[in-house]
Amino acid sequence: MKRISVIAMELLVVALTAVGCATMSSVMGWTTLLDGAKGLDNFERVGSSNWAVVDGIVQADKKDGKENGFLVSKNAYKDFQIRVEFWSSDDANSGIFMRCADPQVITDKSCYEANIFDQRKDPSYGTGGIVHHAKIIGPMQKAGGKWNVYEITAKGPNIVVVLNGVKTSELTHTQFASGPIALQHGAGVIKFRKVEIKPL
């Protein structure tokens, strides 16, 4: 019996290794929405930004007009954890928008936005803050010129934002209960390397 268990375990390890990380994420309850050049079909484009795959990474660096650009998830999410790997230029204005009320009209007043904006005039809602709702805890971490990881948990009225392993803001608010996720390009250069989400 013991020998059968050992063999079964070895086969499981081999199988999991063979199927790769994407399936492992799935097994753990995570869904990959974006992974390098793959996954743009999980999003609708809204606005005028020039989203494109450059060197295997989804990025935007220009707008056709004044409208901000967004990649809006086709699915809506209520309670979830989301993990986003991103690179931003020093002058970037971007963010992760959550529970958006209208997938065609994305604003920081119709969604919750975890900001990516190092040069915001009021830094209390800059990178790491939840715009209009939760100021940054402690000094603002700058994201410009490097790869960063946002880990955001939204459960019921509570939202916790963690940037590069440090909790940067926390909110208890009931205005938006469910809706799509949106990735923003407002200014500068923003790159998204990986986006994973886990419904709770």
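Leaving aside its neighbours within four places in sequence, which residues is Ile96 in contact with? The list runs to Val84, Tyr112, Glu113, Ala114, Ile116, Tyr150, Ile152, Ile181, Ala182, Leu183 and Phe192, where contact means heavy atoms within 4.5 Å. This is a predicted model, so local features need pLDDT of at least 70 and side-chain atom pairs count only at pLDDT 80 or more, while totals for chains, interfaces and linings use all residues. Residues are numbered from 1 along each chain as its sequence is written, and side-chain values use heavy atoms, with hydrogens and water left out.

Ile96 also turns up in the largest nonpolar core, which has 34 residues. A nonpolar core here is a set of buried Ala, Val, Leu, Ile, Met, Phe, Trp, Tyr and Cys residues joined through side-chain atoms within 4.5 Å. Buried stands for under 20% relative accessible area, exposed for over 50%, and partly exposed for what lies in between (1.4 Å probe, protein chains only). Along with Ile96, the residues touching the most other members of this core are Phe86, Tyr150, Ile152 and Phe192. There is also a second, separate core of eight residues, with Val46, Phe97, Cys111 and Ala182 among them.

Now for the chain as a whole. Its secondary structure comes to two helices and 13 strands; helices (H or I, at least four residues) and strands (E, at least two) are DSSP runs, numbered from the N terminus. Of the 200 residues in the protein chain, 42% are buried. Among contacts with a separation of 6 or more, 63% are between residues 24 or more positions apart. The chain exposes about 10300 Å², and carbon and sulfur atoms supply 55% of that; the areas come from the Shrake-Rupley method with a 1.4 Å probe, and for residues only the protein chains shown count as cover.

Met98 is 54 residues away along the chain, yet the C-alpha atoms of Ile152 and Met98 are separated by 9.8 Å.

The aromatic rings come next. The structure holds five aromatic pairs. Rings of Phe, Tyr and Trp (its six-membered ring) pair if their centres lie within 6.5 Å; planes under 30 degrees apart count as stacked, over 60 as edge-to-face and the rest as tilted. One of the pairs is Tyr77 with Phe80, which is edge-to-face at 6.3 Å centre to centre and 70° between the planes. Phe86 and Tyr150 make a tilted pair, because their ring centres are 5.4 Å apart and their planes are at 35°. Phe86 sits in strand 6 (residues 80–88) and Tyr150 in strand 9 (residues 146–155), so this pair ties together parts that are 64 residues apart in sequence. Both Phe86 and Tyr150 are buried.

A charge sits over a ring if NZ of Lys or CZ of Arg is within 6 Å of the ring centre and within 35 degrees of the ring normal. Lys191 has its charged end over the ring of Trp87, 4.7 Å from the centre, and Arg193 lies over the face of Trp147, at 4.1 Å from the ring centre.

The count of disulfides comes to one, a disulfide being a pair of cysteine sulfur atoms within 2.5 Å. Its partners are Cys100 and Cys111, with sulfur atoms 2.4 Å apart, and the link is right-handed, with 115° about the S-S bond. Both cysteines lie in the loop between strand 7 (93–98) and strand 8 (112–116), so the pair ties together parts that are eleven residues apart in sequence. Cys100 is buried at a relative accessible area of 2%, and Cys111 is buried at 0%.

Pro157, in the loop between strand 9 and strand 10 (158–163), is partly exposed at 33%. Asp55 has a positive phi of about 50° although it is not a glycine, and is exposed, with a relative accessible area of 76%.
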